Amino acid sequence: MTKPASLDLGVTGNCVVSALVDREARIVWSCLPRFDGDPVFHALVDNGGGADARGHWSIELGGFERSEQEYLGNTAVLVTRLFSTNGSAVEVTDFCPRFERHGRMFRPQMLVRRVRPLAGTPRICVRVRPSFGYGAHRPAVTHGSNHIRYVSEDRVLRLTTDAPVSYVLAETPFLLESGINLVLGADETLSGGPEAIAREFQEETEGHWRRWAGRLAIPAEWQDAVIRAAITLKLCQFEETGAIVAAMTTSIPEAPASGRNWDYRYCWLRDAFFVVRALNSLSDVETMEHYLRYLGNIVGQAVDGHLQPVYGIALERRLDEREVPTLAGYRGMGPVRVGNQAFEHHQHDVYGNVVLATAQSFFDRRLLRAATEQDFLRLERVGEQAWQVHATPDAGMWELRTRERVHTSSALMCWAACDRLARIAEHRGLPERARLWSGRAAQIRAAIESRAFDAARGSFMESFDGNDVEAGLLLMAEVGFLPADDARFAGTVARVEERLRRGDHLFRYAAADDFGLPTTAFNICTFWYIDALARIGRRAEARELFEKMLAGRNHLGLLSEDIAPESGEHWGNYPQTYSLVGIVNAAMRLSRGWEAFT
């Protein structure tokens with residue numbers, strides 16, 4: 001009987017493609033030729049079909065009893081060990097090659113699996129079952145003496161292996177007497193034998209990741225958690241353009257049977273400030289600069305400074321949303337969606353997020369390309385939009401689909417856009433521009449303070465003239481709108497925790513939305529709450545809550561988008577960039593200094 005899908009998954013990748021691997025060494029999700037492509041392995045969102053189920057790549061051990069799974073230290077190389085009832089055991093090593101070759105990064109569209117016996121006389125069955133067109137088409141299969149080709153109308157995948165091809169084709173169990181290697185990728189002949197290529201690629205990939213991790217700046221405490229979050233955040237970058245996807249998956253529900261199933265394989269601008277902050281804290285300048293270049297391209301193509309909430313990983317502007325009838329959904333909880341209607345929304349917080357993030361390029365002397373006067377002029381067009389829309393209704397940072405209002409968090413980010421443009425202008429010796437933007441920031445501040453603050457409740461409200469709160473209000477101190485010791489900020493934190501805290505987790509909001517009342521907590525909001533607690537002097541509480549969030553990660557130290565407070569079960573798309581940067585940013589704020597340990 002097929003086990004229900006779970007987010008207890010490992011992630012491997014190379015900043016072009018990735019794969020999600022479950023505890024039993026099944027690849028249940030992998031898109032080709034890039035993160036937003038066709039999921040040739042899609043069992044994560046289509047777990048039915050019984051013995052004939054498609055969309056997975058399994059290494060099955062006869063008499064399977066239990067498994068262990070871990071990453072090789074400070075790498076993205078994943079190891080799964082399978083143990084049988086008769087004492088036999090095998091080890092499956094999964095990775096996507098990534099290392100420097102001929103002066104540039106080698107990152108092919110390739111998945112490599114290496115299987116070796118550990119104990120006893122293991123019998124394994126290799127099932128390679130890709131499909132195409134979101135599960136609509138079974139490939140035609142051809143083969144040679146050492147390879148199998150999976151053919152569709154517009155794509156061919158080639159599996160090169162030193163395992164018996166006949167056994168793989170027929171899915172025949174066989175005795176694993178020595179190691180085997182399986183390399184899946186483009187329809188190209190390998191430059192060497194599968195074993196030699198796989199061994200070389202693994203050694204080079206391990207070395208690359210360990211050198212990369214060794215250059216990170218990390219806190220003295222929670223080092224393993226931060227390194228794992230940093231590696232996974234890097235895996236979420238489509239390095240060719242610099243874009244960082246919100247998650248690897250589509251349509252994992254935010255809550256059971258909620259219909260809140262969205263495609264997150266794109267780049268959300270609301271993530272920008274927090275991503276840059278995390279990368280800067282980690283001193284991962286190269287990744288940060290790639291990402292800033294992507295944001296710069298978005299600003300450069302913005303018509304009259306207007307920004308969408310979300311873009312494709314190669315700057316695509318249209319992300320037309322459709323439902324896929326050929327996939328049943330995570331645990332049968334459809335629909336499965338491709339594309340995201342949010343690209344059509346008006347979401348005014350994006351202006352502040354982009355300016356906050358891009359400001360780094362005007363002050364950071366480490367960057368290979370310093371920001372120019374033209375960059376500032378283009379960024380000012382974004383600021384003009386922030387100024388024009390700061391008091392107009394929008395969908396808000398949580399992308400409400402059927403109602404609009406003047407959201408305080410959106411106005412807050414519009415203020416941040418004007419405030420940072422004033423700082424940049426002053427830094428560049430442009431006093432008139434600095435006065436203009438400073439004056440506009442002051443006017444937006446006045447509007448927020450007069451229309452969003454409820455003196456009777458002692459708290460800012462979620463919208464102008466509103467009567468409730470949402471988690472985005474916790475960012476007021478983080479973006480510099482209020483000092484942390486301002487009584488209005490403390491009052492807002494108190495009101496937010498009263499309304500939105502559920503056990504050890506924080507909801508985005510507590511009011512019903514387009515899909516009813518939320519039932520799961522949004523992880524980044526809990527991290528914002530942790531940050532706010534630390535800022536107002538409740539540091540011990542913040543550390544305790546952070547430890548609980550770390551304890552709630554899956555067995556490999558990763559988080560999805562949402563958590564069910566009662567059960568601790570993960571929901572929402574995975575792995576979630578927002579959650580990863582939450583781990584990094586909270587650890588950096590809360591850790592004791594190295595001097596406490598050395």
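Tryptophan 415 is buried in this predicted model. Its relative accessible area is 3%. That value counts as buried because the cut-off is under 20%. Phenylalanine 481 is buried as well, with a relative accessible area of 2%. The ring centres of tryptophan 415 and phenylalanine 481 lie 5.2 Å apart. Their planes meet at 90 degrees, so the pair is edge-to-face. Tryptophan 415 belongs to helix H9, while phenylalanine 481 sits in the loop between strand E25 (459-460) and helix H11 (487-500). The two residues are 66 residues apart, and the pair thus links distant parts of the chain.

A search of the whole structure finds 23 aromatic pairs. Phenylalanine 99 and phenylalanine 106 form one that is tilted. Here the distance is 5.2 Å centre to centre, with 50 degrees between the planes. Phenylalanine 99 counts as buried, at 1% relative accessibility. Phenylalanine 106 is partly exposed, and its relative accessible area is 21%. Ring pairs also build a cluster. Its members are Phe273, Phe274, Trp398, Phe522, Trp528 and Tyr578.

Rings take part in contacts with charges too. The charged end of arginine 66 sits over the ring of phenylalanine 83, 4.0 Å from the ring centre. Arginine 98 lies over the face of tryptophan 209. In that case the distance to the ring centre is 5.7 Å.

Phenylalanine 522 stands opposite aspartate 562 in strand E29. Strand E28 (521-522) is joined to strand E29 (residues 562-563) by two bridges, and the two strands run antiparallel. The open sheet has three strands in the order E28-E29-E30, with antiparallel pairing. Strand E28 and strand E30 (570-571) stand at the edges. Each has a single partner strand, so one side of each is left without a neighbour in the sheet.

Helix H9 also returns, as a packing partner of helix H6. The buried residues include Asp349, Tyr351, Asn353 and Leu356. Glycine and alanine are represented among them by Gly352 and Ala357. The buried residues of H6 pack against helix H4 (272-282), helix H5 (285-301), helix H7 (360-363), helix H8 (373-389) and helix H9 (408-427).

Methods. Residues numbered from 1 in each chain as written. Predicted model: local features only at pLDDT ≥ 70, side-chain atom pairs only at ≥ 80, totals over all residues. Heavy atoms only, no water. Buried < 20%, exposed > 50% of the residue type's maximum accessible area, 1.4 Å probe, protein only. Helix = DSSP H or I, 4+ residues; strand = E, 2+ residues; numbered from the N terminus. Contact = heavy atoms within 4.5 Å. Pairing = 2+ DSSP bridges. Phe/Tyr/Trp six-rings, centres within 6.5 Å; stacked < 30°, edge-to-face > 60°. Lys NZ or Arg CZ within 6 Å of the ring centre and 35° of its normal.
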